[in-house]
Every structure is written in structure tokens, then in C-alpha cells.
Amino acid sequence: MNKMLSKIWLALIALAFFVSCSQQNAQQTLTLQGRTMGTTYHLTLIAQSELLEQSKIQSEVDAILEDVNDKMSTYRPNSELSLLNQNLSTDPVGLSADTAKVIGQAIELGELTQGALDITVGPLVNLWGFGPDGRPNKVPSFEKIEQVKTHVGLDKIQLDGSLIRKADPKVYIDLSSIAKGFGVDQVADYLESIGINNYLVEIGGEMRLNGQKADGSQWRIAIEKPVSFDRAVQQVIEPGDAALATSGDYRNYFEQDGVRFSHTIDPTTFKPINHKLVSVSVIAPSCMEADGLATALNVMGPEKAFDFAKKHDLAVYLVVKSDSGFDVLFTEQFKPYMK
Ligand code: ADP
Ligand code: MG
């Protein structure tokens, strides 16, 4: 009888232990949102409730994104980048570690994509009306383009560690193609540093995901149909622990005489891109890389982008306008993510 009792006790203790463990492990979901970089951000976090201190996390995330803006925004006249752009000296200038890192990655991707991603396109972006001073909504003159393009080209900047030197005083760097992705990575790294490993971090459509949802299932993301008048699903994907960026020109453009002018500039023509590729999605380990690559592939146009993605083993999904609607192209590396 004694033996029997002790067995029951043991069972009860084991049960109590199990209950307290599962209570401790009870996962809660916290969602946060806000505005940054001219767009919105959304966070979904899943962790034990004691880790999810809403006001602390929100203010920390806002501070991180403010810091990225203070360093890399061309929309802030006093950001580190704007001061560099206003500085007409060709002497080396010291950069913060973050800005040097983003410029370094952008130059690397610029070289890899043979100049499709070119952060020195700033003067052209501004001329076409997609910079901080807004859009003139008209095509600039040939003369003006000829004049401005002489200051564009990755050969006009040299980065050496955290020192940057402009070879041309009028070089103007624009990090808008990649800074959102960097912001996403910064937020994701912060979450991991406080022990939150199940998250979805999204800024203006660029995102990084890790772990699982509260019910243990995988994060699912919908790639939108590339139409400006509606929001509909084109493809559902499960990227796993990775980043996803989408570049598309169905939202940010102006129209003149029935022609659309995109905010993405082709550095070889000095004009907004003009081809049938309407949306590019890239899955990569870091969101900075995914963001930069998505813009670069969008510059290349459908054939070149698809060849480039295959050649470099990238996980890429393209939507291309066809006579009857849209065609879809994707690489082998993207296939496993499609649901
Ligand atoms: P998308 O999501 O359409 O790729 P992004 O916001 O990532 O858009 O990048 C587009 C922005 O990058 C433009 O608004 C402009 O400031 C800048 N940009 C335009 N063309 C280029 C280019 N060829 N290389 C680098 N940056 C560019
Ligand atoms: Mg981009």
C-alpha cells in the first residue's frame, strides 16, 4: 500500500511539474505597429508572456528605426547621409559603423549586379521627382539628364573600412533601395537579443521571419497580385527562417500621357525602368540583401533578372506582364517555399 501511495505521489508530482512547465511555456502573441521611412511597420511576436513587455519593445523598436533614419534617410536634411551628400569635399569622411555597413553591402551588390543597383543614382532619382523634394510629375529635359548623369556611378565613391571618399564632389548617395531591409534586420536582431525567436518583422512589405506562429505552424506570407487598384493574393509562401523583399512598381510611379514612370531608375539609361517585369520577390538570409537584390533584379527586366537569379542560385519569384495577363517565373531555389 505504501509503495502504491508513493507511486501515486510520484505521478502527481510529475503531473504538477508538467502542468507548471506548460504554463511557463504558454506562448503569447503581441502585435505592434507604427510608421517609419515613409511607410508602416508591423511586428508579430510570439514568446512567453514575461518576455513580451509591450511598451518597452515598442519604444526600443521606434528608437532603432529612428536611428536608422537619422543615419541613412535622404528625407532628413540633417541625417548622416544628407550631411555627406551636402559635403562638397573630396576628402575621406568617417561614417558610423551602420552606414558604412549598408553602403558596403550596396556597393557589393552593385558590383555583383553590374551596376543595376547603384546607390549613386540619387541625382537622377531627385531629377525624376522621386527624391525628398517630391515629384514634378513630368519628364525632365534631355539636357538636364545629360548634366546630372555625369555625377552618377559607383566608380565615383570609394569605401575603405568606415571611411568614404567622393571622387566627384556632387556625388549624392541614395540608400532608399536597401535601408528598409537594414531596418528590418536591426529590429529582428534586437528581438533575438531579448530572447524572442518567433517573430515576423515587416517594414513597407520587406520582412524577416523566424520560428513559428503561436499554434506551432509556419509563418505564411502572401505575395500580392501586382495591381495598384486592389489587394489580392498572387502566391502564398512559407519562407521559414529568412527574409523576403518584393520590388514592384505598381504603387510608386507617376503618369504622363498615359505612360507610367517608375521610382526605380535604370542606371544605364538614366531613366525610370520600362519593361514588362512588374514584381520581383527575393528570399535571402538578410533583409538588407533581399531588399537590395529585389531592386537590382527589377532594374534588369524579366529576361536578365531570371538569368541572373538562376546563375547566382537565388530564390526569386517574378511576375511578368503578358498579353493575356501575367506570367510567373521562379527559380528552383524558390520552389520549396511555395504553398
Ligand atoms: P522597390 O520596393 O520598388 O524596389 P525600394 O524602396 O526598395 O523600392 O527602392 C527604390 C528606391 O531606391 C527609389 O525610390 C530610389 O530612391 C532608389 N533607387 C532607384 N533606382 C535605384 C537603383 N537603380 N539603384 C539603387 N537605388 C535606386
Ligand atoms: Mg529594394
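1. Accessible areas here come from the Shrake-Rupley method with a 1.4 Å probe, and for residues only the protein chains shown count as cover. On that basis the protein exposes about 16,900 Å², of which carbon and sulfur atoms supply 52%. This is a predicted model, in which local features need pLDDT of at least 70 and side-chain atom pairs count only at pLDDT 80 or more, while totals for chains, interfaces and linings use all residues. Residues are numbered from 1 along each chain as its sequence is written, chains are lettered from A and ligands numbered from 1 in the order in which they are written, and side-chain values use heavy atoms, with hydrogens and water left out.

2. As to the overall fold, the protein has nine helices and 17 strands, where helices (H or I, at least four residues) and strands (E, at least two) are DSSP runs numbered from the N terminus. The C-alpha atoms fill a box of roughly 100 × 50 × 35 Å along the principal axes. Buried residues make up 48% of the 339 residues; buried means under 20% relative accessible area, exposed over 50%, and partly exposed in between (1.4 Å probe, protein chains only).

3. The site links distant parts of the chain, with Ser 177 in the loop between β5 (163-166) and α7 (179-193) and Asp 291 in helix α8 (residues 287-300), 114 residues apart. Both Ser 177 and Asp 291 are buried.

4. Around ligand 1 there are 20 residues, the closest being Asp 174, Ser 247, His 263, Ile 265 and Thr 295; a residue counts as near if one of its heavy atoms lies within 4 Å. A polar side-chain atom of Ser 247 is 2.5 Å from an oxygen atom of ligand 1, and an N or O atom in the side chain of Asp 291 is 3.3 Å from an oxygen atom of ligand 1. Taken alone, ligand 1 exposes 580 Å², and the protein buries 94% of that.

5. The largest nonpolar core has 67 residues, and those with the most contacts inside it are Leu 45, Ile 57, Ile 119, Ile 173, Leu 175 and Leu 191. Such a core is a set of buried Ala, Val, Leu, Ile, Met, Phe, Trp, Tyr and Cys residues joined through side-chain atoms within 4.5 Å. Helix α8 gives the most to this core, with nine residues. Apart from it lies another core, of 16 residues, among them Leu 200, Met 207, Ala 242 and Ile 283.

6. Phe 270, in the loop between β13 (265-266) and β14 (271-272), has a phi near 65°, a positive value in a residue other than glycine, and is buried, with a relative accessible area of 19%. Asp 313, in the loop between α9 (302-311) and β16, has a positive phi of about 55° but is exposed, with a relative accessible area of 54%.

How values were computed. A polar contact is a pair of N or O atoms within 3.5 Å; within protein, one must be able to donate a hydrogen and the other to accept it, and residues adjacent in sequence count only if both atoms are side-chain atoms.
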